[in-house]
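This report describes aromatic contacts and a surface patch in one protein model.

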Amino acid sequence: MSTAPAIALEERPSRTFLGHPPGLAYLAFTEAWERFSYYGMSALLVLYMVNQLLLPGHVEHVAGFATFRGWIEGTFGPLSTQALASQIFGLYSGFVYFTPVIGGWLGDRIGQRSAVVLGGLSMAGGHLAMAFDQSFLLALLLLIIGSGLLKGNISAQVGGLYPAEDEERRSRGFAIFSTAINFGAVVGPLLCGFLGERYGWHIGFGVAALFMLGGLATYLTGYRYLPVRIERKKRAEATMTASDRKVIAALLVAMALTVFPHIAYYQLSNVLPVWLEGHADMKAGGFQVPIPWFQSIDPLFSILCIPLLFRLWAWQGRASGGEPSELKKIGIGSLACGGANLILVAAIAAYGSHRVPWIWPFLFCAVQGIGFMYFWPPFLALVSRTAPAKINATMMGGAFLVLFVANNLIGWIGTFYEQLGPSAFWGLHAVIGGIGGVLAFAFSRTFGRLLEPQPNEPERVRS
């Protein structure tokens, strides 16, 4: 049994937003602008480091960088400019998904609204600091801290807008909120990427800062419609059974398996921009396609494929007596993300020493977007459905630590790009995705059966 979270609003609204509390509009637009700034900045980050920041004449001016580089190379060995950029990207993108665990803990103590405001200010400060070479490391630190405070609390506020018994509207509210995230992920790289390539990296970072400030202003405008504090649900004490411990062990294996597809997928934000710059023909007719625009393709196709995947899974359910389990979807997603890398391998082989036309990396990103929808949402659904009630929230938080581990591995593997060469590098990621797919399918037929839906389990918990 659980008690409803305590929700306090400064003002009880009489109007609604698409049939939902008006606070949802402010939260959704805040998250859209925050994701716009985050993905817009991320689309520029590696290219900025490789083409300017880490080059002689610039890197000497970055405050604290000599010490930081000494620590990095003391751990991983001497690194080239590209390898160093990859390692920094991995550390940054990894810790962005580690700090929300701490941010959520802090939000429980100072209130989620205060935590989100502090997070927004920190992220805005980080984006502004990116406008100067000297403050690069400070910028990354502020962005990591801000993301932890904001992401660790804003989702909880969405759920806190609704009474505990209003499950249907809460589910739809999260769908609207997720749409805002995808909107920001698509539009951010388009605008920041165009401005960064055409008018200078710092212009792109500056625009990201403006949109983060716009998100913070949106949040403060709707402040009175948002929950002051959301108390975490209290569950009756329950003894962990032997069966619960087996399920936890199986979930930990599933988490480890999900690292494989994420590695095969997310090099599109790290090494892909470097490869595009050196080996791809970016001319579409008379237009030079900005390289950061490729960061918008996979979230766009993730959005577009959702209705098609729902129809496919429904058809599979009717045709074979049940849609694929979450573990099998993770396996398919891993194979899809690995297979996407073969598109680049084939294109490199076909064009030899010539530049690869932009359509091939476009297809690579499109397939990655579809593969992502196969492995990540089903993984979250699997953890939510099967984790024992006593530690369900802890396991959901732990699920995001998969991204911390995977992104750090992505950065480390990216340091071998120059040594391996493009064809072998993308081939390696095809193998990583393939291994993850095979292991996921094998696991679903053995110990993973513990995580399969039971005959009397409601279908609504499926992804």
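## Basis

The model is predicted: local features need pLDDT of at least 70, side-chain atom pairs count only at pLDDT 80 or more, and totals for chains, interfaces and linings use all residues. Residues are numbered from 1 along each chain as its sequence is written, and side-chain values use heavy atoms, without hydrogens and water.

## Aromatic pairs

Rings of Phe, Tyr and Trp (its six-membered ring) pair if their centres lie within 6.5 Å; planes under 30 degrees apart are stacked, over 60 edge-to-face, and the rest tilted. The count is 33 aromatic pairs. One of these is F95 with F404, edge-to-face at 5.1 Å centre to centre and 75° between the planes. F95 lies in helix α3 (residues 81-96) and F404 in helix α15 (residues 401-414), 309 residues apart. Helices are DSSP runs (H or I, at least four residues), numbered from the N terminus.

F89, Y265, Y266, F372 and F375 are linked into a cluster by ring pairs.

## Charges over rings

A charge sits over a ring if NZ of Lys or CZ of Arg is within 6 Å of the ring centre and within 35 degrees of the ring normal. R113 lies over the face of Y223, 4.0 Å from the ring centre. The charged end of K329 sits over the ring of W313, at 3.7 Å from its centre.

## Accessibility of two residues

Conventions:
Helix = DSSP H or I, 4+ residues; strand = E, 2+ residues; numbered from the N terminus.
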